[in-house]
Amino acid sequence: MEKLYELIVIGGGPAGLAAACQAWEKGLRRILILERDSELGGILNQCIHSGFGLQRFREELTGPEYAGRFIEMLADTGVETRLDTMVLQIVPGEQGAPHQVHAVSAKEGYQVLETQAVVLAMGCRERTRGAISIPGERPSGIFTAGAAQRYLNMEGYMVGRRVLILGSGDIGLIMARRMTLEGAKVLACVELMPYSGGLMRNIVQCLQDFDIPLYLSHTITDIKGHDRVEQVTVSKVGPDRRPIPGTEMVFDCDTVLLSVGLIPENELTRAAGADMDRRTNGARVYENMETSIPGIFACGNVVHVHDLVDYVSAESERAGAAAAAYVQGKRAEVNARMVELKNGDGVSYTVPQTIRADEVGKMVDVFFRVNRVTGAAAIAVRDGEGNSLTGFRRAHLAPGEMEHILLPGDLVRQAAGPITIAIEEDKGGAAQ
Amino acid sequence: MYDVIIIGCGVTGAAAARRLARCRLKVAVLEAQNDVANGTTKANSAIIHAGYDPEPGTLMARLNVEGNRQMGPLCEELDVPFKRTGSLVLAFSAEQQPKLEELYRRGTANGVPGLQLFSGEQARQLEPGLSDEVTGALLAPSAGIVDPWGLALALIENAVTNGVELHRGCPVTAVREEKGVFVLTTPKGEFTARYVINAAGVDADKVRALLETPDFETKPSRGEYYLLDKTEGKRVSRVIFQCPGPEGKGVRVAPTVHGNLLAGPNAEPVEDRRDLGTTADALDFVRRRAMQSVPGLDLRQNIRNFSGIRANTGRGDFVIEASKAHPHWLDLAGICSPGLSSAPAIADYAAELLEKAGLTMEEKPGFDPRRPAVPRFRELDPEQRAGLIQKDPRFGRVICRCETVTEGEIVAALHSPVPACSINGIKRRCNAGMGRCQGGFCGPRVQEIIARELGVPMTDVLMDQDGTWVLACETKTGKEAH
Amino acid sequence: MKELVCIVCPRGCRLQVDEENGYAVTGNSCPRGAEYGRNELKNPTRVLTTTVRVTGGVHCRLPVKTDTAIPKGMLFQAMEAANAVCVEAPVQPGQVIIENLLGTGANLIAGRGIGKGGAFPDTTPPPLRGTSPYTGEACRERHSNSFLAHRPQPVSRPS
């Protein structure tokens, strides 16, 4: 057995880096990051486009630049890192005993590490063709957008020449531009929903700039090609999202990129026994990003999929700070009063899912996503009896854009029963 | 000149090759595709049937029960994942009850051991996931699940290790018989043999037609499947059938040896033997039928749909016979279900028929029946893992995160007796890319390892069969595949 | 009046630009939005992010970007210039790869550092050819893969 760590961070992407730096800042000195890739930075390394860090650094950085800032910060600390290291299992310690982390690498072999706290920062993976059951043949040439991005930006290969993109998530949009710039013909971007899943700015600068059509309320209904993709059929869908016969368009192409959503990667979390949220596909967390297992925290895309890395960093710093506090003995009361956050009308999930009322400071960060596009709307926060606690206004809400509110700690402490967050749309624009 | 040439290296051809490898014979296997087991063997229900379904007296009945009996020891010898899970056939109404009884009688006549009829309640006690609508069930304890691709690979690897030659990428394009010797034309030159086994799967009729007008015709029937994530893998512990009806043996729900859950297939006649597509309608049918048996099934956990082509011939039985005009030509055709279950017995029967036709079958003393598989890192305990990494650090580098497959396993698969040559070849040999991310993360890394180990550029590495290119060219230089 | 979506930040403000009235911008939440709105109609510009070849490094592509926006109409020309470049590792983050790209005044700069390295990380043992690491046996049928069809034909082994 090796030395006892105070904190092991699983994953050296933006979440893990921010959590580790913050835990160091708060006084922990035996911190270890375990990263499965051969370098730190995670998915940011392949996101070579700019647009990262506007909130935190007031600059428009590329993904590698953003990662670089945190890697530099980390270099000024004594945080240890082990690269090319895959965590296979987390065994939670009983009754406050250290947690065990089983990991493996070519260099260090099979490692059983002990630690007082763990931060889960494994990120997410892309939904695949199987997850959405696209009909048709199974030729080569069907990639998730992120896999194609890695080939293109890091390995230096084009995955195809005539490309159709399914899904208008940001990675898909960004790849439409990248493939076009590198000489491919991107025929169209096809989106099942009546609205895009990506940021408006990406629709403008990645599709409109290059005259790439965006077909909303459309989907792929057939793929042809015994060996490589040869032809893709796209159909319009009705309000029930079922294809409408007679609306077929046929595209001759050799490549399909899928940008159809991300799923938090929680196999380790599940196997460790943490309570999961079916809606986020991540662990249920408290206000300080602690999971249902004391001393195991989670942050970033492993908890819920973010659209801005600045939010990931901020959330992860809270997790890192909370892990430090845990190690330093500030542990939540076993019988702390729990205030559930409930999803009201228009809200698909919230993070955190539960607030331990006595643990809250001045403000509680609450992140959530809405399940429909709205114009001007109010975010209503009500207690268990339906009394309004507070409200927030937004000019515009969309599922593709994560929302963030700050709830005053006092409000939470005084709330009777669970707190519900709901969307109340302005009727006829009469709202003030 | 070869004593025997086997055309086709699916599970049937591979089993025949391994059977003949026991004898002092010069044997070659010619496979049209760039890898073995790339036809029906790679896309089927992965079930070892008990043998109550075929009509008593048919080849199917005899060879299925015999093949099933051999499967345990065979998979042990070849280190192939196989589980004797047992199976249940479900009835959903009083009208279907006689069907179960008929299967029971047939099975008993075929020599299937241990068959038992249960009430719906008893069936649910065995399998709590079953629907409340189930009124009765037939239990066949000898049914099981296997890795069909792994079985075929192990058979041919063991055959190759024992002296059989394998030529992949070697389709037979013409056949003639000259003075009792078959001359087979391929892109790799002419091969000559005294005996030929035609194990060309769905194309067996076309191969036979190279010699003479065949007396059977493949009527391809496609079946579509859902493969669900391991989170659904424990939904049932046995193979769950429905009463066979006009739509074939019906949709089944079964665990796989890798811990996933498989649901399917439907049955639809297709014109194009290479059309391995899926359709929304067929998958919808599979979904409804699977949910009828196991209502709790979460099909959102789907990680892959696929389809396979059954080599039906309309004869209702396997076509295992010598040509009348060319008695040294043996067809192993129409090997549809239960072909996988029957494979070892088909091989024995083929050897018997060859011997009858005049081939001398003398046992070879040095035959080694065992094939050690590449170590499966994910199945080892921490101590074994540590030991393996110490021996070869490449076993410490996990390439496929979902299935925990290491670089060591991938490298081993690239240098095995029948080495992988494509990304899917790696997937089938060591599971990399088989998991929930479907190769999204590990695909590029596997490709890099293939390129490195085989000394070829990345752009030359294929996904699967010829024509399945992955990368169009390098960026910046535009350098294409060779 | 022209309607635009501002791309300066992820907020995506919906702008109205009045071409007739001195390109007056409304709908913006910050001064940068107003500037974007004006420019977008008069002289649209974009930051180009792409990669260039790098040799002798741990990676074979280096992410690069223009340090200021360049005219939108020059993006493909700029790509050609970037594609023609090949730099040698090590590369420092921010290192200028092309100065004054196509006379735009923008420099093409490295988006990260890339250290010197071999083709494979140093923990990887050298490629193994010809024998199986597990069985130690010589590989059979090494070159008969059809995608290696240009390689030597398999040699028949004696039975």
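**Helix packing, sheets and chain contacts in a predicted model**

The axes of helix α2 (residues 59-78) of chain B and helix α8 (residues 339-356) of chain B come within 6 Å and cross at roughly 105 degrees. The two helices, α2(B) and α8(B), are therefore roughly perpendicular to each other. Axes are lines fitted to C-alpha atoms, for helices over the stretch in contact, and angles run from 0 to 180 degrees between N-to-C directions. Angles under 35 degrees count as roughly parallel, over 145 as roughly antiparallel, 65 to 115 as roughly perpendicular and the rest as oblique. Helices (H or I, at least four residues) and strands (E, at least two) are DSSP runs, numbered from the N terminus.

The model is predicted: local features need pLDDT of at least 70, side-chain atom pairs count only at pLDDT 80 or more, and totals for chains, interfaces and linings use all residues. Residues are numbered from 1 along each chain as its sequence is written, and chains are lettered from A and ligands numbered from 1 in the order in which they are written.

Helix α1 (residues 14-25) of chain A packs against helix α8 (residues 309-327) of chain A at an angle of about 40 degrees, with the axes 7 Å apart. This makes α1(A) oblique to α8(A). Their crossing is right-handed; a crossing is left-handed if the near helix is turned anticlockwise from the far one by less than a right angle, and right-handed if clockwise. The contact (C-beta atoms, placed from the backbone, within 7 Å) includes A15(A), A18(A) and A19(A) of α1(A) and V312(A), S316(A) and A323(A) of α8(A). Its residues divide into 13 nonpolar, four polar and one charged. Here Ala, Val, Leu, Ile, Met, Phe, Trp, Tyr, Cys and Pro count as nonpolar, Asp, Glu, Lys and Arg as charged, and the others, Gly among them, as polar.

Chain A also holds an open sheet of five strands, in the order β25-β23-β30-β27-β28, with mixed pairing. Its edge strands, β25 (354-356) and β28 (388-394), each pair on one side only. Neighbouring strands are turned by 20 degrees against each other on average, direction ignored. Within chain A, strands β27 (residues 377-382) and β30 (residues 419-425) run antiparallel and are joined by six bridges. Two strands pair if DSSP finds at least two bridges between them. In β30(A), I421(A) stands opposite V381(A).

The contact between chains A and B takes 39 residues from chain A and 46 residues from chain B. On the side of chain A, elements that each supply at least two residues include β8 (109-120), α4 (145-155) and β11 (157-158). The largest share, six residues, comes from α4(A). By class, this side of chain A has 14 nonpolar, 13 polar and twelve charged residues. Strand pairing also links the two chains. Two bridges join β11(A) to strand β23 (residues 473-474) of chain B, and these strands run antiparallel. C473(B) in β23(B) is the bridge partner of M158(A).

Domain bounds come from an automatic or database domain assignment. For chain B, the assignment gives domain 1 (1-81 + 144-217 + 311-373), domain 2 (87-141 + 219-310) and domain 3 (377-460). The C-alpha centres of domains 2 and 3 of chain B lie 32 Å apart. Their contact takes four residues from domain 2 of chain B and four residues from domain 3 of chain B. Chain C is assigned domain 1 (2-42) and domain 2 (49-110). The C-alpha centres of these domains of chain C lie 29 Å apart.

Notes
Two residues are in contact if their C-beta atoms, placed from the backbone, lie within 7 Å.
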